[in-house]
Amino acid sequence: MPPLRRTLIAGAVLVTMVVSGCSGSGSRDVSADGGSTTPADVSTTTAPTTSSTTSTTAAPTTTTTTAPPVDPTTVAEPAGQPLKSGTVGTRTKAVQAALKAQHYDLGEPDGRFGLNTTMAVWAFQQLHGLTPDGVVGPETELKILAQPAQSMLRPNLGPTHTEVDLTKQVMIVWRDGQPTLITHVSTGSGVAYCEDTEVGKNCGDAVTPTGVYHFGRRVPGWRDAPLGRLYNPVYFNGGIAVHGAASIPAHPASHGCVRIPMSIAEYFPTLVNTGDTIEVFRS
């Protein structure tokens, strides 16, 4: 074969081999992101997989234990200690239940001695000749638990009437010969006042007048009066009413009205009818 022809044939074979090599490596050695991959038909040595049974040391879990709230039904106050505002326990709950059974409204007995319980104790102590300090000492506790019957202070008024004792700062509502409510109240302070109001100066004596009256006009909800706000007032003598107020101290403090706790004022208008008798007196 002539030398020139042998050279041409050898060059053609070389070009064919190069083209085949690019195609093969393109299908097996290049990954989609341009990185190198291992050919599928090539055996490789894989690093041993760590067994799931390999022991590891975990950090101990810290558990915070929160003490459960005090349940008054399972707590007993120290024997012989007086019950007073802030006391919690089974004796307090028993006293509350006994007062409620006697128609003192302090809410549902829950074993917690709060303001409503204090006011109920004030009224009980006043009606039973005890020192009205709001503290349930041994004598008061025994008397409350005995649940003595409450007698009418003004029996001549008939089976249905309301009594307001200014001396004891107590109100009792009677219906058909039975007490439906006994509560502590705060009446006129007895101090002269003179205040600037939206309608000019309002001056007078903060006195709750004594006498026999009848319930009349009533205003549902709040009434903004010249001398302050009254909740669910039921009037019985001109501008004098039984009404709810935020402050019911242990002493007379109103301009002349009969203040009662807000919780009682919520339903007091349903206890008395228009025309029912109410007497205000000093014992």
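A nonpolar core is a set of buried Ala, Val, Leu, Ile, Met, Phe, Trp, Tyr and Cys residues joined through side-chain atoms within 4.5 Å, where buried means under 20% relative accessible area, exposed over 50% and partly exposed in between (1.4 Å probe, protein chains only). Keep that in mind as we walk through this model, which is predicted: local features need pLDDT of at least 70, side-chain atom pairs count only at pLDDT 80 or more, and totals for chains, interfaces and linings use all residues. Residues are numbered from 1 along each chain as its sequence is written, and side-chain values use heavy atoms, leaving out hydrogens and water.

Let's start with the whole chain. The protein chain has 6 helices and 11 strands; these are DSSP runs numbered from the N terminus, with helices (H or I) of at least four residues and strands (E) of at least two. Of its 283 residues, 36% count as buried.

The largest nonpolar core holds 22 residues, and M171, F215, F236, V242, I260 and F268 touch the most other members. Elements giving two or more residues to this core include β2 (170-175), β9 (240-245) and β11 (277-281), while β8 gives the most, with 3 residues. A second, separate core has 19 residues, among them A98, L99, F113 and L130.

A98 and L99 also lead us to a helix pair. In α2, R91, A94, V95, A98 and L99 meet E141, I144 and L145 of α4, contact here meaning heavy atoms within 4.5 Å. By class, this contact has 6 nonpolar, no polar and 2 charged residues (Ala, Val, Leu, Ile, Met, Phe, Trp, Tyr, Cys and Pro count as nonpolar, Asp, Glu, Lys and Arg as charged, and the others, Gly among them, as polar). Helix α2 (residues 90-101) and helix α4 (residues 138-146) pack at an angle of about 50°, with their axes 8 Å apart. Axes are lines fitted to C-alpha atoms, for helices over the stretch in contact, and angles run from 0 to 180 degrees between N-to-C directions. The two helices are therefore oblique to each other; angles under 35 degrees count as roughly parallel, over 145 as roughly antiparallel, 65 to 115 as roughly perpendicular and the rest as oblique.

Finally, look at the backbone. Most residues other than glycine have a negative phi. H103, in the loop between α2 and α3 (115-127), has a positive phi near 80° and is partly exposed, with a relative accessible area of 33%. N232 has a positive phi near 50°, but sits in strand β8 and counts as buried at 11% relative accessibility.
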